[in-house]
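Let's walk through this one by question and answer. Have the sequence and the 3D view open as you read.

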Amino acid sequence: MKYFRHLLRIVVALIFLISGFVKAVDVVGFSFKLEEYFSPAVFNMPFMEKQALPLAILVVVLELVLGFMLLLKTRLKFTLAALTALCVFFGFLTFYSAYFDVVTDCGCFGEALKMLPWQSFWKDIALLVGLLILWWMYRNELDEPEGKSSPKNIAFSVASLIMVFIIYWGIAHEPLVDFRDYSIGTDINAERKKIEADPSVYKTFYTLLNTQTSEIKQVDDGEYILDRKYWAEGSPWKIQEDKTESKLVKEGYSSEIAKFRIEDTGGNDLTAQVLEAPRAILIFCYHPAHADPELIAKAESKALEQQGTFVLGVSTSPKTFNMISNGLMDGTAIKTIARSNPSVLILNKGKITDKKSAEDFLKD
């Protein structure tokens, strides 16, 4: 039993540390996920959207600090209480997401591991059960005074400095470790071919009401077309239009690159031109109103100095860039590619060779 509680404590601590780490390297991306929760479609708290980044940093710091404290078995009563509260909080968020189907990925493990809402919820429940078991197994040691431990203090201090550096780097630059589908070295053309070769398959399902017997049944579009009893003249079966839904029946090759589509201000598709260029520099800006116009201008000027390079500015507004052509892209898709606002993506025939913030691009 003694060894089991040590093992359980280490496992629970590592889960929190891993979860915190993958969010810490990309804390800006985690803040985007929190913005989804604050959006009108979920909690309708738009006034909190500006606080998404500070809140994301707070959550990440709590996960890492408390996870490391549990691993070191220090201030155990406080640590278990705080982690339990954190689990209850996230359990509520993931249950809400799953039950009302409003956020498809909670961002619990950042971009490193995608989890469906119900998977995230049951993960939180499992962690909560693990913490409650630890409460019981360590119940006789919770109030014991702790002596001063230099090795623990040193380890905690070093870990804290590493945590601060990782979070800072992800905010000031691009993530130190990139778990996204747009990491350096990714061949966008090759990824698009994989998506085309193995697409996801959806079917339309109709909810039918029998007007004679009041029986209700659900059939897919194929079954509906093949069976005349559902649609022949005089059929008692009627489609309930408000309950028609599309369901995924076969999961294909999944990649965010499926959303990589750039149009010019006239609505013409520029994607092929970008991906076929021997060298392309794309300056992304997912929130033009919050970007520094001077920084954008300097990035444009430097990009234009590159001879034989296809240069394009990509944002959500047709008037973001003044010296280079403007391309338009969905804001969420841009956020998946670029965490800095603005940022620069460099492609060689569709292969990502570099990605950095506009400030870092100017330093090269």
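Q: Which ring does Lys23 lie over?
A: First, a word on the model: it is predicted, so local features need pLDDT of at least 70 and side-chain atom pairs count only at pLDDT 80 or more, while totals for chains, interfaces and linings use all residues. Residues are numbered from 1 along each chain as its sequence is written, and side-chain values use heavy atoms, with hydrogens and water left out. A charge sits over a ring if NZ of Lys or CZ of Arg is within 6 Å of the ring centre and within 35 degrees of the ring normal. Lys23 is 5.3 Å from the ring centre, over the face of Phe30.

Q: How far is Arg75 from the ring centre of Phe78?
A: Arg75 is another charge over a ring face, here that of Phe78. The distance to the ring centre is 4.9 Å.

Q: How many aromatic pairs are there?
A: Rings of Phe, Tyr and Trp (its six-membered ring) pair if their centres lie within 6.5 Å; planes under 30 degrees apart count as stacked, over 60 as edge-to-face and the rest as tilted. By that rule the count is 14.

Q: What separates Phe92 and Tyr96 along helix α4?
A: These two rings form a tilted pair, 6.1 Å centre to centre with 50° between the planes. Helices are DSSP runs (H or I, at least four residues) and strands likewise (E, at least two), numbered from the N terminus. Because Phe92 and Tyr96 are four residues apart in α4 (residues 76-100), the separation is about one helical turn.

Q: Are Tyr182 and Phe260 buried or exposed?
A: Tyr182 and Phe260 make a tilted pair at 6.2 Å centre to centre, with 40° between the planes. Tyr182 lies in the loop between α6 and α7 and Phe260 in the loop between β4 (245-250) and β5 (263-264), so the pair ties together parts 78 residues apart in sequence. On the accessibility scale, buried means under 20% relative accessible area, exposed over 50%, and partly exposed in between (1.4 Å probe, protein chains only). Both Tyr182 and Phe260 are buried.

Q: What is the relative accessible area of Val177?
A: Val177 is in the loop between α6 (150-172) and α7 (188-197). Val177 counts as partly exposed, with a value of 33%.

Q: Which residue in β7 stands opposite Ile281?
A: Two strands pair if DSSP finds at least two bridges between them. Strands β6 (residues 280-285) and β7 (residues 310-315) pair in the parallel sense over six bridges. Opposite Ile281 stands Val311.
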